Structure formats: C-alpha cells, structure tokens
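Please keep the sequence and the structure in view while reading.

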Amino acid sequence: MRVLSGIQPTGNLHLGNYLGAIRNWVAMQDSMSGDSRCFFFLADMHSITVHETREQRLANVRDMTAALVACGIDPDRSVLFNQARVPAHAELCWLLCGTARIGWLNRMTQFKDKAGKNREGASVGLYVYPVLQAADVLLYQATHVPVGEDQKQHLELTRDVATKFNTDFGVELFTLPDPIIPKETARIMSLRDGSAKMSKSDPSDMSRINLTDDNDMIAQKVRKAKTDPEPLPSDAAGLAGRPEAINLVGIYATMIGSTPDAVCAQFAGQGFGAFKPALADLLIEKLAPIRQRYTALRADYGALDAILASGAEKASAAAEPTLRGAYEAMGLMR
Ligand code: TYM
C-alpha cells in the first residue's frame with residue numbers, strides 16, 4: 001500500500017479540504033506500520049495556473065505546510081514536500097503529454113469550471129493540469145489516493161494514462177491508483193449556497209470556514225450561513241431537498257464522529273436558531289487547537305523550509321526508479 005495526495009497551496013486551508021481530505025490523510029498516516037510511508041505534497045507547480053505574486057507564492061507554500069503539520073501530518077512519519085523541489089514531477093508530466101489525449105482533457109469538468117466562458121484565454125497550464133496530476137501519482141506507484149469527490153475525474157484520467165502508457169510501450173511500469181473518497185464528507189458545500197462546493201476560489205470569504213478563522217469569525221460565519229425556516233427532522237431522510245441543512249448537519253456529524261441520523265434525532269423539532277450555536281461551539285472547540293498549533297508553526301519559516309527540503313530529498317529518491325523506467329520505455333537517453 002502506497003498512499004499519496006496533494007493540495008494546492010493557494011489561499012487558506014478550509015473546512016472542505018480538512019474534512020474532505022486532510023483528516024483522511026492523517027488517519028491513513030496513523031494506520032501505517034513498519035517502514036511504510038505516506039507521501040503528501042504541496043502542489044505548487046499546479047498553483048502556477050492561478051496568478052500570484054512571488055511573495056504570495058513563497059508565503060503560501062510555507063503557510064500551507066504549517067497548516068498540514070498543525071492538522072496532524074507528521075514529517076517524521078510521512079514524506080512531506082513541495083512539488084517544485086522534485087523536478088521528476090515536471091519531467092514525467094512532459095513524457096505523459098505524449099500519452100494523454102486531447103479528447104480526454106476536453107472532458108475534464110474542473111478545466112471547464114475554472115476556464116469559464118473564456119476558454120481561449122485560459123492558460124495551457126490549466127488545460128494540462130490533469131497530466132501533471134497523473135505524473136504526481138504515477139511517479140510514486142501510489143495505490144491509494146485520499147481526495148474529495150471533485151478529484152475523482154482526475155484520478156480516472158490518471159488510470160487511463162497509466163493503462164495507455166503501459167500498453168503502448170509494452171511495460172508494466174505504472175500502478176493503477178484507487179481514489180479514497182470519504183462518503184460523508186466527499187463534498188462539503190458552501191455556507192452561502194448548498195449547491196456549490198466550499199472552495200478557496202469562492203470570492204465570498206463568508207462561504208467557507210478557514211482553519212485560520214478566529215472564534216468570533218467562526219461563530220459569525222455559522223450564524224450567517226444560509227438555511228431554511230423548517231425545524232430539523234427526526235432522521236436524515238427528512239432532510240431531502242434541503243441542501244444547506246444537509247450540509248450543516250453533515251459537518252456537525254463528522255466533527256463529533258457520528259451520523260446525520262443521530263444528529264437529527266438529537267435536534268429533532270428544533271430550528272436553526274438552536275442548531276447553529278451548537279454547531280459554532282463545536283467547530284470552535286475542534287478547530288481552536290489546530291489554529292494554535294498553526295500560529296506557532298508559521299512563526300518559524302526556517303523550520304518549515306527544512307521539513308520541505310528533507311521531504312523533497314526522500315521524494316526524489318522514491319520517484320527516480322519510475323522516472324528512469326519511463327525514459328527507458330520510451331527510448332529516451334538521459
Ligand atoms: P485542492 O487543493 O483543490 O484540494 C485539496 C483536497 O481537498 C479536497 N476538497 C474538498 N473535499 C470535500 N469538500 C470540499 N468542498 C473540498 N474542497 C477541496 C480536494 O478534493 C482535495 O483532495 N488537484 C488537486 C491537488 C493535487 C492532487 C495531486 C491531489 C495535485 N496533484 C495528486 C491528489 C493527487 C487540488 O487542486 O486539490
């Protein structure tokens with residue numbers, strides 16, 4: 001079993017990233033035994049598809065590293081690094097550009113969403129983004145990739161690229177990875193719109209809970225979250241057709257390690273006037289310790305850089321045999 005996943009270091013880590021992916025990373029790390037290691041990385045090479053200044057990008061990588069460590073990623077047990085320090089990602093991406101098909105990339109919903117109406121004006125990087133993601137995963141022979149629902153299509157493309165490369169060159173070089181998507185938290189939705197996912201790129205900061213938000217901000221965002229006037233039903237089936245209510249109940253259930261049915265039973269007949277303060281208190285209680293660790297860690301950029309440099313050394317060594325195999329399979333001399 002080889003676990004790998006990545007996150008773009010753009011903006012803040014939010015509750016969607018945390019519940020949809022990072023909590024699962026930590027659980028998988030903690031279940032590893034013996035010499036097995038998980039690989040987690042900051043997808044800074046992917047972040048070139050978003051315009052940022054040099055200073056912002058440098059700060060974002062370090063801040064996101066602090067956030068991951070604050071959430072429980074242990075750089076002594078997992079390999080934690082930033083992609084730009086491991087050139088094998090960019091190299092394999094280029095080799096896989098010979099394998100990935102334009103028709104496959106044209107079907108990627110994330111590209112369509114991010115490019116919007118102005119496709120001609122989107123960067124080539126945004127279009128090729130899924131090929132770099134395939135390289136990230138295939139370089140390490142990852143078997144399990146813990147992600148949120150929105151990354152499922154990219155993982156399917158990764159499997160297609162791996163299969164075609166292996167077939168075209170008559171090798172068994174790449175392992176086909178399986179996405180690991182937690183059922184309850186696969187898609188945490190925006191606090192302002194139950195039909196849109198919680199996202200770093202939403203222009204409204206009120207749509208998401210950032211792991212850096214202080215207690216007052218968390219309480220305010222929960223208070224202002226969009227809901228409906230109905231009371232909570234006695235079981236989760238009664239939430240049908242109420243996307244905002246489903247989202248808030250789901251967040252509450254996940255945070256206490258329970259189920260939406262149990263949460264509905266607990267609050268049955270009560271309105272959001274009672275439920276929202278309980279949710280805000282719960283989020284504050286669970287997120288405050290992470291925020292405190294984060295604040296302490298980001299005070300020492302030197303220590304964070306050392307973690308990333310050491311992780312990159314281990315990652316480069318782990319990636320090398322696969323990269324060499326890809327060059328050899330294609331008849332390219334290095
Ligand atoms: P990114 O940075 O957008 O998100 C990081 C992780 O958080 C999950 N996520 C969510 N889960 C549930 N509900 C939400 N509202 C929500 N928002 C985000 C994402 O699914 C993801 O798991 N392309 C990737 C980064 C990447 C990667 C990789 C991931 C690059 N290479 C290789 C896995 C393997 C991305 O932009 O994630």
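## The ligand and its shell

β1 (3–7), α1 (15–30) and α6 (124–138) each supply at least two residues of the shell around the ligand, where helices (H or I, at least four residues) and strands (E, at least two) are DSSP runs numbered from the N terminus. The model is a predicted one, in which local features need pLDDT of at least 70 and side-chain atom pairs count only at pLDDT 80 or more, whereas totals for chains, interfaces and linings use all residues. Residues are numbered from 1 along each chain as its sequence is written, and side-chain values use heavy atoms, with hydrogens and water left out.

Around the ligand there are 28 residues, of which Q8, Y129, D136, D150 and I188 come nearest; a residue is counted here if one of its heavy atoms lies within 4 Å of the ligand. The shell divides into 11 nonpolar, 12 polar and 5 charged residues, with Ala, Val, Leu, Ile, Met, Phe, Trp, Tyr, Cys and Pro taken as nonpolar, Asp, Glu, Lys and Arg as charged, and the others, Gly among them, as polar. A nitrogen atom of the ligand lies 2.6 Å from a polar side-chain atom of D136, and for Y129 the distance from a polar side-chain atom to a ligand nitrogen is 2.7 Å. The protein buries 97% of the 710 Å² that the ligand exposes when taken alone, areas that come from the Shrake-Rupley method with a 1.4 Å probe.

## Strand β2

Strand β2 (residues 38–42) is largely enclosed by the rest of the structure, because 5 of its 5 residues are buried, that is, under 20% relative accessible area (1.4 Å probe, protein chains only). C38, F40 and L42 are buried on one side of β2, and F39 and F41 are buried on the other. β2 pairs with β1 in the parallel sense over 5 bridges, pairing being assigned if DSSP finds at least two bridges between two strands, and L4 stands opposite F39.

## Two buried residues

N210 sits in the loop between β5 (178–180) and α8 (215–224), and counts as buried because its relative accessibility is 3%. Its side chain forms a polar contact of 3.0 Å with that of D205, a polar contact within protein being a pair of N or O atoms within 3.5 Å of which one must be able to donate a hydrogen and the other to accept it, while residues adjacent in sequence count only if both atoms are side-chain atoms.

T254, in helix α9 (residues 243–255), is likewise counted as buried, at 10% relative accessibility. The side chain of T254 reaches the backbone oxygen of G250 at 2.7 Å.

Key: Buried < 20%, exposed > 50% of the residue type's maximum accessible area, 1.4 Å probe, protein only.
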